[in-house]
Amino acid sequence: MKTVKALIVPGTIFLSFWIFAVLFWQITGSLFFIFNFGYIGTAIGIGLSLYSLLPGKKKQIGRRIAQLLVGLYLLGYLGLMMKENMQIEGFFLLLLSGYFAASVIHYIVAKILGPLIYGRGYCSWACWTSMFLDFLPFKENRNGRTATGWGLFRYIHFALSLLLVLSLWFLFDYRPEPRGDSALVWLIVGNTLYFSTSIILAFVLKDNRAFCKYICPVTVILKLTTRFSLLKIEGDKEKCTGCGLCNKSCPMDIDIVKYVRRGERVLSTECISCFTCTAACPKGALKDTFGLDIGGKEYLQRKIENEGVVR
């Protein structure tokens with residue numbers, strides 16, 4: 001019975017991807033969607049199942065396997081081999097062009113509709129940028145988030161990306177093909193900037209996920225759709241001792257203890273559903289659950305200069 005309960009979330013997400021696969025196949029008549037979403041759903045299902053069944057620190061093996069299987073497929077196969085622009089600019093350009101191509105489908109499923117079910121799970125289970133970042137040495141950010149308005153940079157980045165696309169479209173009459181050499185250039189240049197920026201930030205701030213917190217433009221979309229996510233972390237107030245191990249392990253600096261003490265699920269839109277906190281809790285007070293509530297209440301651990309981390 002315990003094993004069956006542990007596989008509810010993996011099974012639900014696996015099934016949701018196969019529903020998307022069949023739905024898009026029926027709409028378009030293309031078997032590519034059965035392969036695409038079937039592969040991604042199966043890869044994430046395997047990773048989540050391993051995460052649920054493996055003990056302690058070995059749980060992260062499941063997430064790393066899912067990251068590699070999905071991230072390398074999206075970047076390597078769809079991006080580099082099929083020459084699709086999987087960057088956010090590619091999504092904007094294809095929307096304007098009216099192409100129902102891989103980038104558009106990817107954003108609809110992973111960043112718009114999918115998060116209504118599984119939150120920001122893409123960020124920790126499928127993103128090719130975080131796939132790389134999670135191998136950097138700063139897995140636990142003990143400094144907390146910067147107390148300044150660094151989070152505004154992601155909104156600026158989003159606005160600049162959109163402005164760039166609109167300028168090219170309306171001022172320079174730029175009309176891209178859904179795939180090809182120009183799309184490949186967009187992908188390579190964009191990812192080169194992403195990876196170089198994320199590495200510099202990780203080492204400067206000693207935080208693997210600094211890029212995700214302050215710069216990534218995709219989070220602007222995800223933070224909106226994730227508010228309505230069915231899947232969130234829930235804590236048992238009676239079991240919780242307030243030891244703070246969940247807070248220390250959280251790669252996104254969420255004050256999980258505060259949510260538990262208030263009798264709320266983790267309503268932060270910064271939560272990436274990595275489930276690291278559930279594995280870190282020595283009392284088993286945290287678990288992933290499905291429910292109806294509205295996210296957006298942010299309790300984050302922040303750093304005040306010369307005073308350490310505050311909640």
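## How H2 passes H6

In a left-handed or right-handed crossing, how does H2 pass H6? The crossing is right-handed. This comes from a predicted model.

The axes of H2 and helix H6 (residues 102-113) come within 13 Å. They cross at roughly 145°. On the H2 side, the contact uses Phe17, Phe20 and Phe24. On the H6 side, Ile105, Val109 and Leu113 meet them. By class, the contact of H2 with H6 has six nonpolar residues, no polar ones and no charged ones.

## H2 and its two faces

Helix H2 covers residues 8-28, 21 residues in total. From first C-alpha to last, H2 reaches 30 Å, close to the 30 Å expected at 1.5 Å a residue.

Its buried residues are Val9, Pro10, Ile13, Ser16, Phe17, Phe20, Ala21 and Phe24. They span an arc of only 140° around the axis, so they lie on the same side of H2. The face turned away from that buried side carries exposed Ile19 and Gln26. After H2 comes Gly29, with a positive phi near 80°.

## H11 and its cover

Helix H11 (residues 181-205) has 25 residues. Its first and last C-alpha atoms are 36 Å apart, close to the 36 Å expected at 1.5 Å a residue.

Buried residues in H11 include Ala183, Leu184, Trp186, Leu187, Gly190 and Asn191. Tyr194, Phe195, Ser198, Leu201 and Ala202 are buried too. Their cover includes helix H4 (59-81), helix H5 (88-97) and helix H9 (128-133). Helix H10 (152-170) and helix H12 (210-214) also contribute to it. Just after H11, Lys206 takes a positive phi of about 55°.

Methods. Residues are numbered from 1 along each chain as its sequence is written. This is a predicted model: local features need pLDDT of at least 70, side-chain atom pairs count only at pLDDT 80 or more; totals for chains, interfaces and linings use all residues. Side-chain values use heavy atoms; hydrogens and water are left out. Helices (H or I, at least four residues) and strands (E, at least two) are DSSP runs, numbered from the N terminus. The expected span of a helix is 1.5 Å times one less than its number of residues. Buried means under 20% relative accessible area, exposed over 50%, partly exposed in between (1.4 Å probe, protein chains only). The arc is that of the directions from the helix axis to the C-beta atoms. Axes are lines fitted to C-alpha atoms, for helices over the stretch in contact, and angles run from 0 to 180 degrees between N-to-C directions. A crossing is left-handed if the near helix is turned anticlockwise from the far one by less than a right angle, and right-handed if clockwise. Contact means heavy atoms within 4.5 Å. Ala, Val, Leu, Ile, Met, Phe, Trp, Tyr, Cys and Pro count as nonpolar, Asp, Glu, Lys and Arg as charged, and the others, Gly among them, as polar.
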